[in-house]
Each structure stands twice: as C-alpha cells, then as structure tokens.
Amino acid sequence: MLNYDIVIIGGGPAGLGAAVEAYEKGVKNIVIIERDKYLGGILEQCIHNGFGLQEFKEELTGPEYAQRFIDKVEEYDINVMLETMVLEITPDRIVKAVNSKEGVFTIKAGAIILAMGCRERPRGAIMIPGTRPAGILTAGTAQRYVNMEGYLPGKEIVILGSGDVGLIMARRLTLEGAKVKAVVELMPYSSGLTRNIVQCLEDFNIPLLLSHTVIEIHGKDRVEGVTIAKVDENREPIMETAQYISCDTLILSVGLIPENELSQKAGIELDPITGGPIVNEMLETSVPGIFACGNVLQVHDLVDNVTAEARLAANSAIRFIREGEFGKSSINVKAGNGIRYVVPQKINVDNIEKRIKFRMRPVNVYNNAMLAVKSGDKYLLRQKRQRLTPGEMIDVNLSKDILKNANLEEGIVFLVEEG
Amino acid sequence: MTMKEMYDVLIIGAGVVGCSIARELSKYKLKILVVEKGEDVASEGASKANSAILHAGYDPVPGTLKAMLNVRGNEMYDELCKDLDVPIKRTGSLVVAFSEEEVKELYELFDRGIKNGVKGLSLITKDMVKEIEPHINDTVVAALYAKTAGIICPYGYTIAVAENAAQNGAEFVFNSEVIDIKKNGDFFIVKTHKEEFYSKYVVNAAGLYSDVINNMVGAKPFSVHPRKGEYLILDKDQGYLARTVIFQVPTKMGKGILVSPTVDGNLLIGPTSEDIQDKEFKATTREGLNKAITVAKRSVDKFDVRKTITQFTGLRATPDTEDKDFIIGESDVKGFINAAGIESPGFTAAPAIAEMIRDILKDAGLQLIEKVDFNPKRKPVIRFTELSDEERNKLIKENPAYGRIICRCETVTEGEIIDAIRRPVGAKSLDGVKRRVRAGMGRCQGSFCGPRVVEILARELNISPLEVTKHGRNSNILTAETKKFLLEKAAEVLKKEVYENA
Amino acid sequence: MELKEITCIVCPLGCRIQVEMEGGEIKSVKGYSCSRGLEYAKNEVTMPKRTITTSVRAIGGHLPLLSVRTKEPVPKEKIPEIMLELAKVEVKAPVKIGDVVVKNILGTGVDIIATRNLYVK
C-alpha cells in the first residue's frame, strides 16, 4: 500500500490550491489524483475571462488561472497521478484508485482533501416531457465539445437556464456562428453575473425570457424544436402561454450538483441543501481527517473563493496530521429567514486562531436589506447589504472575539432582515 | 433469375422476439437473415422500453397463447441467462390489494395462475407482505406472491441473444425497413429501400408494425395499435424501496403501474396505459408521468420523485383482434409466419415463442437439421464493477484499456466499451454503447462520458466524430467543425451578397 | 439630453453606471466604483470595446485547439470580422501562454495571445 501524508482527490482549482498551500507550508509527501489527462479541472475548458481578479489582481482566462498553480506544482515537483479514478475512500482514510498503468491500488492517507468538483443536472432530473432525440446536452458538455474538441453541437440553439455557464455558452456558440434563439429562465431573475447578461446576451441581442421554462422537447432523431411557456408564482407552466421555438439543440444549464458519490460511500454526512459534506470551521467533514473544499463542498461563483477555501482545507489537513483530531465542533450554524444555506454548518470557537469565514447564499433577490447573525436573541452582527442575489455567494467574517464573547449555546443563525 | 443468395428464413424485426427466433433457428443448418429497420438490435420497439420483468404467468387468460408461452418462457430464462451471460434476479412479485374488493381479484388471479400451471403462487397476509417489503404502504391488506417472477435487463438480453445467433451463423442487416414483400412461386422477395432479399420462409416479428408487414404480403389482414406506457427511472439510492416487483390489481388496460427494482439497482416506476394512434409517438408527457407517480405512490409512497434520473415511453404492440391474444402461426400465405401483436407478456414468452415458431416452420415444410457445432454460450462479458481487485489487476495488465474509467457514474471502463463495439452485432452508436455497458445511464446521464464515448466510437468505427449518432439515422451528436463552420457560413453570406448585387 | 444606463463588465461587481450625454458628448458619469469602471463607461457610450476569448486550430499539439484572447479590448463592432479572421489561423505546437499568435489583428493594434500552453503531442 502506498503512503501519503495528504491525498488530494481532484486536480482542478480546489485540488491545485490545496496542494500548493500544503507544500508551501512544509508538507511535501502529498499526491493529487486526477481522472483527466491533464491538471486544471473544469478551468481547462473555461477559456473565457473573469478569473483571478481577487487572487492575482488580474483578469485571466480559466486555463491561465490554472496554469499559475500547475506551474507551482511542477516547480515543487508535487506528485500527480493523471488518468486515475478514485473508486473508494474509507472512514479510516484508505483511498482505492485505478489507472491503466498501475491497475487497482490503495493509498493510506494521513489526511484526505476532497476536491472532486461538481456535475451538471441533466434533462432527466428535471423531467422535461417529450422525445429523446440527439441534440440535448448540458452547457458544460457543450463547452467541452466547442472548446476542447472543436465541434459545434448544433446550429440553432435554445438554452434553458441563465446561470453563468449557460450565458457563457450563449456567447461562445454565437461567436462560432451558431444562432442562439433564446435563453429561457425559470426564475424571475437570472442567477448569472450581471456582466455576463451584458456581454453574453445583450451584446448579441439574444432574448432572455424570465419566468419561462421548456415544457416539451420535439424531434425524432434530432431536436426539431421546443415548446416553452411562462410560469406562475409557483413556477408551474401557464399552458395558454405555450409557444414553439424551432431549433436543433437544447442546452441545459439548470443546476450544478456537488459530486459526492465517494463521500457518501465513505459514510460522510451530507447537507441536503448544499449537496456537499457538512463541515466545521476547519472544513473537516463528519469523518475526522477528511476535508472538503471547492465545488464539492458548495457550488462557487468565483474561482478565487475556491482557492481561498482550498488553502484553509490544506492548513486544516496539516494541523490534523501534526496535532491529531480537533476538539469537537458542536455549535450549530443555521440558515434563517432569507438564507438558503451556510457553510460551515458546525463550529468550535476554540479551534480557530483569528476568525471564521462563513459562506452562504440568499433564497431570493433582496435590495437594501440587513444581513444579520444572531445567537438566541442577541445580534452578533448586523450589516446593510445593497444587493443580495442567489447568483452571488455572500461571505461574512466573524472574529474569534465576537464569537467567544457570545453565548452560543443555542447556535448561530444567519438571516436577512427586509425593509 | 440472378444468382442471388436464397435464405431459408428471413425474420423481420430484431426485437426480443425476432432475435430469439433467430437464435433458435441458428441451432439448425439454415441460412437465416434478420432484417431490422433500426440501426441496432432492440433499438426501435418495445424490447428496449418495457417493465423489464419476467412475469410468473397468472395474469393471462387460461387457454391462450399468452398464458402457455408466458409460463413456458419463464422457465427457460435461468439456463438462457447462464449461457448468454445475462444478469437475472428471481425477485418474485407481489400483486397488492388495498381493499376487500381487491382481495377478491387476487383470488381470481391465483385461480388463473393455477390453471396456467404457474408454480410457487401463494396468497399472503399483510404481515407477510410487510416482511417481504418493509417499505410498502401500510394500507396494504393482502397480496398474491409469485415466486417465479424476476427482473432482467430486456435490451441487454436481446443483444445477448442476437450476438449468440450471429455467432452461430445468423446474419443481420440494419437500417433496412421492409417496404414490400411479394411471394414469387415458392419463395419471397423482400424489398427494402436499398436492396432485395430472397427467402423461402418469412417470419413476421415486426412488433408494432407487424400488421403493416402482414398486410404487405396480402395475408388476411389484422391491425395492431400502439398502447403507450410511460416510465420513470429513479436513482440507485431509491432502489432499496422495493425488493420484489410490486403490482397493483390489474384493469382491462393492463397490469397497471408497478414499483420495481431493476437488475442494476435503480427503481422503476410505471407504465401508464393509454391507447394512441401514432405508431411513432415515443414522447413522454406531463400527464403520463404525473399519473405514473401518483398511482405508484399507492403502493410505495416513500420514493423521492426528485431522484428521478430519466423517463421514457414504450409502445405496446396491442392486437385489435377479438381474443387480444398473440398472433402466432402460418398465415394464409404459405410460408409467411406471423409472430405478431406481441405485447405483454411478450418478453417473458419470447424463448417459448421461438420454439413455437420453429415447430410451425417445421410443419410448414422447413427441414431442421441440427448443427453439431451450435454453441449456446456467448463469450462472457467482462463487467469491471463485478470483478475483484485481483481480477481487475490481471485484466489491466493484459489490456490497459480496462484501467481507464470512462463512465464515472456507472464505473464503466474503456475496455468494456471497446468490447461492446467489437463484438458480433456490436454497438454502432451512443445508445448502442449505453445499452450494452450502461455508459450514460447513471446520474449525469452521459454529461461526462458522452464526449469520451463519441471519441471511442469514432476511433473504433473509423469515422469522423461528426458521423457518430445517438441512435442511427440522422441523430448525429455533433453538427459541424468549429472554424470550418464559420468560414463556410461567411462564404455563403458572401455568395448571397454577390448574387444579390449581381 | 440623453441618459444612458449601462452595467459595467470590467469585474464581477457589475456596477450600474449612468452617463449623461448631450450632442454626442459626455456630460457626467455616475455610479462607478473604480477608475476602470469610469474608463469602461466612457468607452461604452462612444466606442464600445470587448475582450474576445476564443480558440484557434492547432496542429501537432496535445489538444486540437489553442485557447486565445485579445491582449486588450477591441472595438465591439469588429468582433464578427475578427472571429472570421481567426477561423483561418492554424498554430503549430509548441506554444507558451502569452505567445503572440496573431500580431495586430485586422489593424486594431491589438495582438491575439495564447492563454494556455500547447505541448507537442
């Protein structure tokens, strides 16, 4: 059996960030296990820019951002296993993986950092009725075909979902000559960044149909069209508004789901709202010595935040292998009114040095609302926030002092106070 | 007459019935051809879209072909699956009753079962039901338990049967829709859009279109209409909710909506039952899916419908005859044999239908000389998920392609995908690969493995990725090469401008 | 007097900026949070510019495409022309991040540079 102090599962921005941090902090017996032919994860196909404004104070494309870390990995000569798939991890931190050179092998890990990223929600998961022709694919898969393989998945496109991936692909496909007929969005607002609405839709006069959804797919062998309809307050289609749009491709950008099959099989507790592991202030999961960061923990909007999260996970993993198990994190962190989820879900104030960064998303769009943190009746924090939207992750730092001085027996709640 | 190949038997339709007949006949020294309009075995009709059940046989009316062939067929599957290396699970089935009225119907079914010769039937109490099925709704009153029922992968089985038939000399042509059949003396001329085939006997196993085929040859006409059934497949983490096939009491539209584990560990819900006209209507509908969910909840209400990963529609080939029975026999055109109007329990009955067709052909004059070298076994399929680590390592050493996982959701290796393409009657499309090795059938439904499978198919079939299809015909996955497309588009626009200004 | 409302795209903040114009001249700009935003707003109402991120065909590399971008923003109206021009380009591996793939694309004064390494296969 192989032996590594830290095993990092996933060589995308989360895994790369964690590996570089761990090495720079003095732990060198580490390995990154990556299933693709090269490092970089999803960044490799994200050839658009918008990455690195916080981390590098530059605006980079995905591959450029990844290369900054890949360069360090090469410089430090950090162990990397490419085209290797992890089959299983156990609660006592044995990792089983397979590749075509070594076959099936096991690794004993001092600590494991989960950085597997997320997958896309497919058509079947949202039950769009209709036929099952060719020409239905998720935005990420379309992105891979266009940016890595050099093929267009279609010429006349309808995109369902106005999240960033969908918006980026609307522009990408238009630039390559396809006609994007509409971006259809179920909610009354787009979950994508406003800058993307401008430079991906408005620039190309692509209509954005809010409060609409696709109610049927047509076509025997290849998509021939879709029927869309407006939806009511309960997001149910209003059949009288049904209209047909002819197209040969339906691209779906209807949600990202953290990739936690491995975590589940290892008995790691998952948060049903985030889809990722329940973690404490150290980003440790319910299994000691197994940490999580990046999209596998919660779906991020900015890769810079992923890098920050990965650094925390790496430092936690290092503390774990040097000092052993942490004190139990038993204070519950809850999402209150207006907040969908908060990470971390459990904290122990004695485990931290300076502060805890909490990340969360609101349930709705709120303008000029108060973001508040309470324990019981007492406020720990009350901040005015100009604009809160589900498409943009919120972060709140609470210092050790504030946390220490509060009576946290009843846990803490993050909430939105409107009006 | 030209020196054209003369077949002994030409089978129209490569569904489970046609393939089973082909395999049965391949035991004899015969020239056999299976003509299929789709691009693959089990690619068009009910054989790929059904409840995946081996029925015990208490449901069909006693004395019918359905009854006899259901029971006979059911018995044959254990040996067949062993020889053909097809996973099968004898889960047993329950018909559950929720009221005293319904219990009366259970007694009826039990009676029928006994008359049909079904073994292992028993009527059980609520407590016994809950022991077998801990997650069944508490409203259950009693149930009919059938030990011999089971679950299987229906298209996986059909592919295995076809492969073995081909291995033993049966020929297959695909993308060949039969457009005309004429009797020419003592043989038939069967025409497709591309070519003509000559055969002494023709077997009609064309499912939903078996009436069209029958009427083409001028036999006494009958009609077959589609009866639509919609299904949902739920994630494997819902599979624990049913251990047997759970039926509700049947109606005149069929056996009703069931909740069943699949042989791969998913949960299957459906089918609905609705008579329609369009034989090509293969869409799912909002109403149909909602009905399946609502009715299924009567049996097991614990499933989480948000865990659905895909939905599909199957069209039963329902005969419009008086007795609604299978239409099996030599028609009034000598040498033209029908195995038509095969709806439920057609899949279970298929091996028995094949035996019956063989006997009918014999009676019709076909010489059956046994082949000494008939091999009932197909080459075992390597399933990475079922191997031990030692077996995997040995395999990967010999063939590194088995160490490269392509479908992450179902843990399918490149080696398995290549094998699926290279076997006799191998995969030629994305769906063909999917049905053989499950790549694309998991939670992400091919989002991750899709591009990789396209790459492998293009390489193995020596075609451009642009030619790779989802299921044949013009279901191409990709439409153009980037850059080339822009340049061609620009050239077109330029041409238009030039001609407009000219 | 014309009031134009635009959303700044320079960074993910997406500030809403109001530009007052009269007779084609900018009278005032309000709502920006940084100097880049001010710059963007002024350009956007007179001569909008965009950064193009796309790909060009590659031969002999570990990938069939090389991802590229304009080194600086280019006039928005030139985007279709530039895309067409880049469709004709073919690069040969090896290529390093930052290498100039096309110098001064279509006379804009802006280079097209590689955004990834392309290794020889």
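Predicted model: local features only at pLDDT ≥ 70, side-chain atom pairs only at ≥ 80, totals over all residues.
**Two helices of chain A**

Helix H1 of chain A covers residues 13-24, and helix H2 of chain A covers residues 62-76. The two pack at an angle of about 40 degrees, and their axes are 10 Å apart. That angle makes H1(A) oblique to H2(A), because angles under 35 degrees would count as roughly parallel and those from 65 to 115 as roughly perpendicular. The crossing of H1(A) past H2(A) is left-handed.

On the H1(A) side, the residues that meet the other helix are Pro13(A), Leu16(A), Gly17(A), Ala19(A), Val20(A) and Tyr23(A). Their counterparts in H2(A) are Tyr65(A), Ala66(A), Phe69(A), Ile70(A), Lys72(A), Val73(A) and Tyr76(A). Sorted by class, this contact has 11 nonpolar residues, one polar and one charged.

**A sheet of chain A**

Chain A also has an open sheet of three strands in the order E22-E24-E27, with antiparallel pairing. E22(A) and E27(A) stand at the edges, each with a single partner strand, so one side of each has no neighbour in the sheet. From one strand to the next, the twist averages 25 degrees. E24(A) pairs with E27(A) over six bridges. Within this part of the sheet, Phe358(A) has Val396(A) in E27(A) as its bridge partner.

| E22 of chain A | 339-343 |
| E27 of chain A | 394-399 |

**Where chain C touches chain B**

Five residues of chain C are in contact with four residues of chain B. Helix H2 of chain C, residues 79-87, gives the most to the chain C side, with three residues. By class, the chain C side has three nonpolar residues, no polar ones and two charged ones.

**Leu118 of chain C**

Leu118(C) lies in the segment after strand E10 of chain C, which spans residues 112-114. Leu118(C) counts as buried because it has 23 C-beta neighbours inside 10 Å, and the cut-off for buried is 20 or more. Leaving aside residues up to four places away in sequence, Leu118(C) touches Ala58(C), Gly61(C), His62(C), Leu63(C), Leu66(C), Ala93(C), Pro94(C) and Val95(C). Leu118(C) and Lys96(C) are 22 residues apart in sequence, while their C-alpha atoms are 6.4 Å apart in space.

Methods: Residues numbered from 1 in each chain as written. Chains lettered and ligands numbered in written order. Axes fitted to C-alpha atoms, helices over the stretch in contact; angles between N-to-C directions. Helix = DSSP H or I, 4+ residues; strand = E, 2+ residues; numbered from the N terminus. Parallel < 35°, antiparallel > 145°, perpendicular 65-115°, else oblique. Left-handed = near helix turned anticlockwise from the far one by under 90°. Contact = placed C-beta atoms within 7 Å. Nonpolar A, V, L, I, M, F, W, Y, C, P; charged D, E, K, R; others polar. Pairing = 2+ DSSP bridges. Buried ≥ 20, exposed ≤ 12 C-beta atoms within 10 Å, placed from the backbone.
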